[in-house]
Amino acid sequence: MPIDTLGTRLTGLRAFYRAGYRSVLAYRADLLFGIAGLVIQATLTVVVWRVLYDGRDEVAGIGSSTAVAYAVLATSIQATVMPWQFSSLPLRIRRGQIGVDMMRPRSLISQNLAEAVGTMVGRLPIGAAGLITGFALGGVQAPHSLLDSLAWAASMVLGIGNILTLNLLVSMIAFWTLEIGGPMILYRFASAFLSGALIPLWFMPGWLRPIISWLPFQAQIYAPLSIWFGTRQGADLLGTLAVQLGWVLVLVLLLHLVWRRAIHKVVVLGG
């Protein structure tokens, strides 16, 4: 196998990455409104959580500063890595364009993942606006140490890998149903709730928390943010990263297994 095979493959996927990136920039008004909306949301988040903690130092063992920072960070990350339209695959299946995609030299999975990465990169200004607002209002502080920062970065990469693969898995339902509006709404609600994007797992009922901790969703946002705040140390930190990595590997395997079945369900109208 040639030495430059990996480089050649990445070069071939660059167009799909650019397509995802440019799909965000093509609607600049929407991007600007998204930035403005997240600034307002981050501001209200800081104000509301501070009011909820008024007169109380801790709730469920979590201080007000941590709760406020978590809420702002979760909102900013969610806005960046969990766009409403997280894949163009269902639309391309309905239009019959999937036939062209399958004839390309790059696999359908790698095409869609590259496009999704480009979309996330294009949405970075929205998340950055939320973070800047949080820091400006004193609602967010940097991780306690360089080790926490590095561990958070590694955890965030694994969390994004989890999101990308799970999003694509849900999108592949379109091979069987063509329309995935219902499943997508259900999935988005589940991911927002179970990932800790809406409510930190710290505040979940005691019976529910152990169940959620072993689901793939918690690896998306809650796990990285728990590392950001230094609540994971030593063996617990390594265990958290191991669970995240394990879920990414499991989801990648499932993705390929589903794709092997989905390829036999492809129907291209008129072709």
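**Note on helix packing around α8**

1. Helices α6 and α8 are oblique to each other. This is a predicted model. The axes of α6 (residues 108–122) and α8 (residues 146–171) cross at roughly 125° and come within 10 Å. Angles of 65 to 115 degrees count as roughly perpendicular and those over 145 as roughly antiparallel, so the pair is oblique. The crossing is right-handed.

2. Which residues of α6 and α8 meet? On the α6 side they are I109, N112, L113, A116, V117 and M120. On the α8 side they are I160, I163, L164 and L168. By class, the contact has nine nonpolar residues, one polar and no charged.

3. The pairing of α8 with α13 has another geometry. The two axes lie 9 Å apart, at an angle of about 25°. Angles under 35 degrees count as roughly parallel, and α8 and α13 are therefore roughly parallel to each other. Their crossing is left-handed.

4. The α8 residues in this second contact are A151, S155, L158, G159, G161, N162, T165, L166, L168 and L169. From α13 come L237, L241, Q244, L245, W247, V248, L251, V252, L254, L255 and V258. Of the residues in this contact, 15 are nonpolar, six are polar and none is charged. L168 is listed in the contact with α6 and again in the contact with α13.

5. Check T165 on the α8 side. T165 sits in helix α8. Is T165 buried or exposed? T165 is buried, because its relative accessibility is 5% and the cut-off for burial is under 20%. Not counting residues up to four places away in sequence, T165 touches L251, V252 and L255. Its C-alpha lies 9.7 Å from that of V250, at a sequence separation of 85 residues.

6. Now take L255, a residue of helix α13 (residues 234–262). The relative accessible area of L255 is 1%, so L255 is buried. L255 and T165 are 90 residues apart in sequence, yet their C-alpha atoms are 7.0 Å apart in space. Leaving aside neighbours within four places in sequence, L255 is in contact with I109, T165, L168, L169 and M172. Among these partners, I109 belongs to the α6 side of the α6–α8 contact, while T165, L168 and L169 belong to the α8 side of the α8–α13 contact.

7. M172 deserves a look as well. Residues up to four places away in sequence aside, M172 touches L89, I109, L255, V258 and W259.

8. Which members of the largest nonpolar core touch the most other members? They are Y70, L89, M172, F175, I221, L225 and F229, out of 51 residues. Helix α3 (residues 64–81) gives the most to this core, with nine residues. Another core, of five residues, lies apart from it; A151, I227, L237 and L241 are among its members.

9. For the overall picture, the secondary structure comes to 13 helices and two strands. Buried residues make up 45% of the 271 residues. Of the contacts with a separation of 6 or more, 79% join residues 24 or more positions apart. The T165 and L255 pair, 90 residues apart in sequence, is one of the contacts listed for L255.

Methods
Residues are numbered from 1 along each chain as its sequence is written. This is a predicted model: local features need pLDDT of at least 70, side-chain atom pairs count only at pLDDT 80 or more; totals for chains, interfaces and linings use all residues. Side-chain values use heavy atoms; hydrogens and water are left out. Axes are lines fitted to C-alpha atoms, for helices over the stretch in contact, and angles run from 0 to 180 degrees between N-to-C directions. Helices (H or I, at least four residues) and strands (E, at least two) are DSSP runs, numbered from the N terminus. A crossing is left-handed if the near helix is turned anticlockwise from the far one by less than a right angle, and right-handed if clockwise. Contact means heavy atoms within 4.5 Å. Ala, Val, Leu, Ile, Met, Phe, Trp, Tyr, Cys and Pro count as nonpolar, Asp, Glu, Lys and Arg as charged, and the others, Gly among them, as polar. A nonpolar core is a set of buried Ala, Val, Leu, Ile, Met, Phe, Trp, Tyr and Cys residues joined through side-chain atoms within 4.5 Å. Buried means under 20% relative accessible area, exposed over 50%, partly exposed in between (1.4 Å probe, protein chains only).
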